[in-house]
Amino acid sequence: MNIPLLDLKAQYRSMRSEILAAIEATCDEQGFILGPRVAALEQAVATYVGSSHAVGVASGSDALLVALMALGVKAGDEVVTVPFTFFATAGAISRLGAKPVFIDIRPDDFNMDPGLLERAITERTKAVIPVHLFGQCADMEAINEIARAHQIGVIEDACQAIGARRNGRHAGVLGNLACFSFFPSKNLGGFGDAGMVTTNDPDLSESIAMLRVHGSRVRYVHEAIGINSRLDALQAAVLLVKLKRLDEWAEGRRRNAARYVQLFTDAKLTDRVTVPVVGADNFHVFNQFTLRVPKRDELRSYLKDHGIGTEVYYPLPLHLQNCYRELGYQKGAFPHSERAAEEVLSIPIYAELSDEQLQYVVQTIASFDRTR
Ligand SMILES: *Cc1c(COP(=O)(O)O)cnc(C)c1O
């Protein structure tokens, strides 16, 4: 059996003609940058997450960058985030000349530990970026309360979490601004790079709409030094078609996650393999189904030899990356992030997986376990 970590072809096959028709219509129009399709996607995403505004940009990374710019983050400022995330979360902070200040994650859900936030805030702190890692929201109530008390902005890195909810409210309305990625492997993936920022604040929304076109509201009049980061109409055309099925795919991922938990339990593996912990307040959309396992790298190559694709998100926490040496963090600074980096393994979870495939994955992990 051959089970890739993600099989986008299966999803594409199920909607090929509708997507090709949308692409063809866009080509016939010959309008490729922003325009009515992008506006329609912005409206659709805003409606979906329940925000009053959404602004399309070229990627999730750029969404983070313009969100920070809209909050006025500049050289010398500090922004608090976690080291156990994709690089873009911290990279956006650094690109503005600001300093990422890391705090550790909670070991259960891999998300920011709000208990560590307050003591990381200084008079230079402008914002905090909690990440909704793997498709599960961070503890936003606790984070917002501390941020409010210190009057700093809250940017959700919701790049992996479109559709995720916390206490019934969607990722995208849980802070001042939220950043989404439509990278192909995200739950809502385009045919290339694309991203979006959502907010309930009309001023922030206007700032972002200005910043994404070189800081201009009126053509060739520039009020701020922005960037070129526009969502293109072909991506919007594809994403508008796919958005209609996002909830169905999320349900498929959630069903597979529940089935995995049952299969790992039945195989009596749960004392060695730690399955994802879902908070009672959370609706997890499983962009990744991430286990903690002993002998992770050995298991990973064993699964590969048996046709099963896996990935390690993420093997090296950001505070230990070469490019962040100058921040001065040492190994041991964030033990939960470092331990997660050694133990995590994401296994296939996409909606189109069959029960036979799920069983094969668990059986193969069980057979590895018996050989050790
Ligand atoms: C994917 C991702 C990003 C960046 O999104 P791109 O669209 O690839 O630029 C940022 N943060 C997290 C947590 C992500 O998973």
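## Around the ligand

Helix 4 gives the largest share of the shell around the ligand, contributing 3 residues. Keep in mind as you explore that this is a predicted model. In total, 15 residues surround the ligand. The closest of them are Gly60, Ser61, Gln160, Ser181 and Lys186. Sorted by class, the shell has 7 polar, 6 nonpolar and 2 charged residues.

Ser181 has a polar side-chain atom 2.6 Å from an oxygen atom of the ligand. For Gln160, a polar side-chain atom lies 2.8 Å from a ligand oxygen atom, and for Lys186 the distance from a polar side-chain atom to an oxygen atom of the ligand is 2.9 Å. Taken alone, the ligand exposes 380 Å², and the protein buries 93% of that.

## The pocket and its helices

Where does the ligand sit? The space it takes is the largest pocket. Two elements give two or more residues to the shell around the ligand: helix 4, spanning 60-70, and helix 5, spanning 88-95.

## Two positive phi angles

Next, let us turn to the backbone. Phe134 is a residue other than glycine, yet its phi is positive, near 65 degrees. You can find Phe134 in the loop that runs between strand 4 (125-129) and helix 6 (140-150). Is Phe134 buried or exposed? Phe134 counts as buried because its relative accessibility is 3%, and buried means under 20%.

Lys268 is not a glycine either, and its phi is also positive, at about 55 degrees. This residue belongs to the loop between helix 9 (246-266) and strand 10 (282-283). With a relative accessibility of 64%, Lys268 counts as exposed, since exposed means over 50%.

## A cis peptide bond

Another backbone feature to look for is the peptide bond from Tyr313 to Tyr314, which is cis, with omega near 10 degrees. To find the spot, follow the chain past helix 10 (296-305): Tyr314 lies in the loop between that helix and helix 11 (335-343).

Thr290 is buried, with a relative accessible area of 3%. Which side chain does the side chain of Thr290 make a polar contact with? The partner is the side chain of Ser346, at 2.8 Å.

## Sequence distance and spatial distance

Ala351 is in the loop between strand 12 (344-347) and helix 12 (355-371). Ala351 is buried, with a relative accessible area of 16%. Along the chain, Ala351 and Ala10 are 341 residues apart, while their C-alpha atoms are separated by 9.5 Å.

For the other pair, begin with Arg296, which has its place in helix 10. Arg296 counts as buried, at 8% relative accessibility. In sequence, Arg296 and Ala233 are 63 residues apart, and in space they are 42 Å apart, C-alpha to C-alpha.

How values were computed. Residues are numbered from 1 along each chain as its sequence is written. This is a predicted model: local features need pLDDT of at least 70, side-chain atom pairs count only at pLDDT 80 or more; totals for chains, interfaces and linings use all residues. Side-chain values use heavy atoms; hydrogens and water are left out. A residue is near a molecule or strand if one of its heavy atoms lies within 4 Å of it. A polar contact is a pair of N or O atoms within 3.5 Å; within protein, one must be able to donate a hydrogen and the other to accept it, and residues adjacent in sequence count only if both atoms are side-chain atoms. Accessible areas come from the Shrake-Rupley method with a 1.4 Å probe; for residues, only the protein chains shown count as cover. On a 1 Å grid over the protein atoms alone, a cavity is a set of points where a 1.4 Å probe fits but cannot get out, and a pocket is an open set with protein on both sides within 12 Å along at least five of seven lines; lining residues have an atom within 4 Å of a point. A molecule sits in a cavity or pocket if more than half of its atoms lie within 2 Å of its grid points. Helices (H or I, at least four residues) and strands (E, at least two) are DSSP runs, numbered from the N terminus. Ala, Val, Leu, Ile, Met, Phe, Trp, Tyr, Cys and Pro count as nonpolar, Asp, Glu, Lys and Arg as charged, and the others, Gly among them, as polar. Buried means under 20% relative accessible area, exposed over 50%, partly exposed in between (1.4 Å probe, protein chains only).
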